[in-house]
Amino acid sequence: MSEYEVVVIGGGAAGLSGALMLARSRRRVLVIDAGQPRNAPADGVHGLLGREGIPPLELVARGRDEVRGYGGEIVGGEVTGARRDGDGFAVELAGGDHVRARRLLVTTGLSDELPDVPGLRERWGRDLVHCPYCHGWEVRDEPIGVLATGPASVHHALLFRQLTGDLMFFQHRQPDLGDEPAEQLAARGVTVVTGEVAGIEVTGDAISGVRLASGSLIPRRVIAVATRMVARAGFLAELGLKPVPHPSGMGEHIPADRPHRGPGRLGGRQRDRPVGAGRLGRGGRRTRRRADQLRPRGGGDAARGRRPLALTHANARRSFPCGKRIPAICTGGFP
Ligand SMILES: Cc1cc2nc3c(=O)[nH]c(=O)nc-3n(C[C@H](O)[C@H](O)[C@H](O)COP(=O)(O)OP(=O)(O)OC[C@H]3O[C@@H](n4cnc5c(N)ncnc54)[C@H](O)[C@@H]3O)c2cc1C
């Protein structure tokens with residue numbers, strides 16, 4: 001069985017970033033990637049300084065070249081299981097191959113679950129959008145409909161209102177909004193449409209309207225919806241890591257050690273940092289080490305009675321619809 005210092009499971013932007021730094025730190029790294037980044041349906045990646053508009057798969061291809069340029073290895077495949085194996089981990093791939101790792105970096109991202117409305121899935125990432133920052137500019141000034149999926153949808157609508165003057169809020173199956181949210185929408189000139197949505201109408205290859213259960217058709221060119229975001233982490237079950245509902249109600253995440261800096265505070269950019277840059281020390285104090293400072297140490301965390309697999313806190317309390325703060329990113333707190 002091949003052995004690596006770190007096996008990175010999931011080779012999207014997060015996993016490749018982690019692998020790049022590990023490879024540059026002269027770690028023996030393998031990235032295993034199933035090749036389905038979350039943003040694959042989109043034409044381009046936006047808000048990415050220096051690479052604005054780059055097609056998602058091109059970004060990944062460039063990242064792979066960069067990792068390989070420092071000696072990192074990358075294989076295509078799906079990890080189906082991971083278990084403890086002595087002081088490291090055994091990782092199983094679909095097809096039965098195994099590799100061994102001293103540490104795992106899990107960067108498999110998340111799946112977007114759409115509301116059960118006919119016609120939505122086919123438009124995902126095109127004229128069915130979720131994030132005002134990822135593709136809001138591309139749909140500016142269009143007639144946009146926000147399809148409500150929960151209480152946070154009002155906030156979602158207010159964000160999209162900055163991008164168009166023609167916004168409708170489809171209440172769908174959500175209960176009464178309450179006075180304050182209704183006033184907020186009214187103050188911004190957002191029309192609230194009550195009644196269940198029965199489907200999305202498409203003309204040619206573009207959304208043309210929203211069909212209500214009552215039969216009415218409301219013309220719209222773009223639909224915005226907040227998805228339910230679920231960590232892709234089924235293969236971690238044998239390690240005792242199972243997705244649970246996120247407190248925000250926005251999906252499922254792997255609960256993580258919370259790196260406090262003070263009461264009620266999250267650890268700044270910690271959540272975006274895939275390399276093992278932070279973990280909880282013995283007294284709950286966060287320790288930070290750069291990848292190039294990490295050296296093998298006898299005994300490891302298990303011998304000190306700590307959790308052998310520390311999870312970085314990848315879940316912000318306030319997540320934006322793009323869900324960038326939800327994916328489960330875990331590091332082993334390197335040896
Ligand atoms: C339609 C859409 C458009 C978006 N546009 C933007 C944008 O313009 N700008 C922006 O900043 N963000 C955007 N986002 C958000 C962005 O896609 C995510 O923040 C980003 O992809 C997260 O990167 P990641 O590496 O965590 O996960 P991903 O990119 O999803 O990569 C995870 C990788 O892990 C692999 N994987 C999963 N399970 C396994 C397994 N068991 N074994 C092996 N491999 C596995 C997957 O196949 C995938 O390749 C968009 C999201 C969507 C849905």
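How many helices and strands make up the secondary structure of the protein chain?

## The overall picture

The protein chain has six helices and 20 strands. Here, helices (H or I, at least four residues) and strands (E, at least two) are DSSP runs, numbered from the N terminus. Keep in mind that this is a predicted model, where local features need pLDDT of at least 70, side-chain atom pairs count only at pLDDT 80 or more, and totals for chains, interfaces and linings use all residues. Residue numbers start from 1 along each chain as its sequence is written.

Of the chain's 335 residues, 41% count as buried, meaning that 20 or more other C-beta atoms, placed from the backbone, lie within 10 Å of the residue's own.

## Around the ligand

The ligand is surrounded by 34 residues, each with its C-beta atom, placed from the backbone, within 6 Å of it. Gly 10, Gly 12, Pro 37, Asn 39 and Gly 109 are the closest. Helix 1 (13-24) and strand 2 (29-33) each supply at least two residues of this shell, and helix 1 gives the most, with three.

Now look for an open sheet of five strands in the order 8-15-9-10-11, with parallel pairing (two strands pair if DSSP finds at least two bridges between them). Strand 8 (128-129) and strand 11 (191-193) stand at the edges with a single partner strand each, so one side of each has no neighbour in the sheet.

Further in, strand 9 (residues 144-147) runs parallel to strand 15 (residues 222-225), joined by four bridges. Ile 144 stands opposite Val 222 in strand 15.

Definitions and conventions. A residue is buried if 20 or more other C-beta atoms lie within 10 Å of its own, exposed if 12 or fewer, and partly exposed in between; C-beta atoms are placed from the backbone.
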